[in-house]
Amino acid sequence: MAEIIPLTPGGPSASGEPFKEGACKLHPQTMCPAFGALRVLARIDGAQPAMVTDTGCLYGLTFVTHFYAARKSIVAPALGTAELSSGKVQEAASAAIAEAAREQNVSVIPVISLCVAETAGLAEELLPTEVDGKPVVLVRVPAYAIHSHPEAKDVALSAVMRRFVERAPEPEPGTLVLIGEVFPADPLMIDGVLRKMGGRVLTTLPGRHVDELRLAGRGAAVAALHPFYRDTVGVLREQGVGVVSGAPIGVDGSAAWLRAVGAALDLDEEVVERVAAEEEATARAFLATRPLAGATILVSGYEGNEMLYARLLVEGGAHVPYVSTSIGQSMLTAADEAWLRAHGTEAIVYRKAIEDDKAAMAHWSFDLVIGTTTLAAHAKEHGIPSVYYTNILSVRPLFLSGGMIASLSFVRDLLNRRPLYERMVAFFDDGQ
Ligand code: SF4
């Protein structure tokens, strides 16, 4: 039984000293980041991934892909020490691509190049760009260069977009393309509000079909809902597509986002203003109940959208002194970071490690921990309500007033579970 550190319910740091994050950022503590790329690519109908790596990586990545129900085999060359040391990586990759092309109903062959192939020097110029009319797209995601699986999703999406998206000479007026692996109800809610403003959602990427990628070229503007689609946003900007960054999160974020979308889509200003005000009024009416007042909450995850959740919690009345994420800091994270810092968040840790999160738990006392499985387990040992960010929070609506009400109501229920957790600790304590 772990030692129970006595923690008073929710409160500031005991020492009064500023929080110091751990120094070592060399070892990202996530599963192989390439999984993010594989997940995005395997979900595209007709995409037949060819993975160039050694058998160890292949085994692990095939396992997680099937675990997440890809229902698709991965074609890969047999790359062992003998093949690698004899410089056969290039031939092996070409053979795997040829094999992928022989599969049924293939519309694209993403070639996923991982640590081993990258280290061995896989040359893009020696790979085919097409086999039997099937496009071949190289996606380089070695973990030493791509540190988190959200960022690997970005690399994958930008690679296929670069290949398939062509800016339409006359984009469809009033249409918005959403970018982000979001809860399925979110694009519907966003579409409902945009229609009231005179616009609509054209498609949501990463999509399920190459045609959805192509559709992105016909949108009047694109909204990157998550802050890690840096390359993807770059590809679209190069093509002259207007990009709205940020997300319709909480009261402040939603109203500002709707206005920005209205401007990008050239919608009627008065109508946009009315719809934004309606959304704001609904959200404010809910927030007036201060659903999370007095709670101190820790947010930690590796999804890349942790700061968005933290913003909601703060608007709900919670104190969120610490937020950590696996993604890196960038221009796209700047607005959320500035907002959080202006609203009481003292530490925002990028490329986090479990040691950072545990140090935060020792620094402040929390009423609720929303974190990785390891951190949630650590919190439970201390009798603190805790949930796994990815499976519990990331699977609920988040955006606009509807998402806010759903997410904050759920978090309020979690906070009420503290007596249960304390009973659990007492039970195991008595049993010693
Ligand atoms: S060696 Fe690289 S590609 Fe292979 S599993 Fe490890 S991190 Fe992933």
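The buried residues of helix α1 pack against α2 (55-67), β2 (109-113), β4 (134-140) and α6; two residues are in contact here if their C-beta atoms, placed from the backbone, lie within 7 Å. Helices (H or I, at least four residues) and strands (E, at least two) are DSSP runs, numbered from the N terminus. The model is predicted: local features need pLDDT of at least 70 and side-chain atom pairs count only at pLDDT 80 or more, while totals for chains, interfaces and linings use all residues. Residues are numbered from 1 along each chain as its sequence is written.

Of the 9 residues of α1 (residues 34-42), 9 are buried, so the helix is largely enclosed by the rest of the structure. A residue is buried if 20 or more other C-beta atoms lie within 10 Å of its own, exposed if 12 or fewer, and partly exposed in between. The buried set of α1 includes Phe35, Gly36 and Arg39. Not counting residues up to four places away in sequence, Ile112 touches Ala34, Ala37, Leu38, Leu41, Pro49, Met51, Val52, Val139 and Val141.

The axes of α6 (residues 149-164) and α9 (residues 230-238) come within 7 Å and cross at roughly 20 degrees. Axes are lines fitted to C-alpha atoms, for helices over the stretch in contact, and angles run from 0 to 180 degrees between N-to-C directions. The two helices, α6 and α9, are therefore roughly parallel to each other (angles under 35 degrees; over 145 is roughly antiparallel, 65 to 115 roughly perpendicular, the rest oblique). In α6, Asp154, Val155, Leu157, Ser158, Met161 and Arg162 meet Arg230, Asp231, Thr232 and Val235 in α9. By class, this contact has 4 nonpolar, 2 polar and 4 charged residues; Ala, Val, Leu, Ile, Met, Phe, Trp, Tyr, Cys and Pro count as nonpolar, Asp, Glu, Lys and Arg as charged, and the others, Gly among them, as polar.

The chain is divided into domain 1 (34-147), domain 2 (172-286) and domain 3 (290-430), with bounds from an automatic or database domain assignment. The C-alpha centres of domain 1 and domain 2 lie 33 Å apart. Their contact takes 7 residues from domain 1 and 4 residues from domain 2.

Phe428 lies in helix α18 (residues 418-430) and, with 14 C-beta neighbours inside 10 Å, counts as partly exposed.
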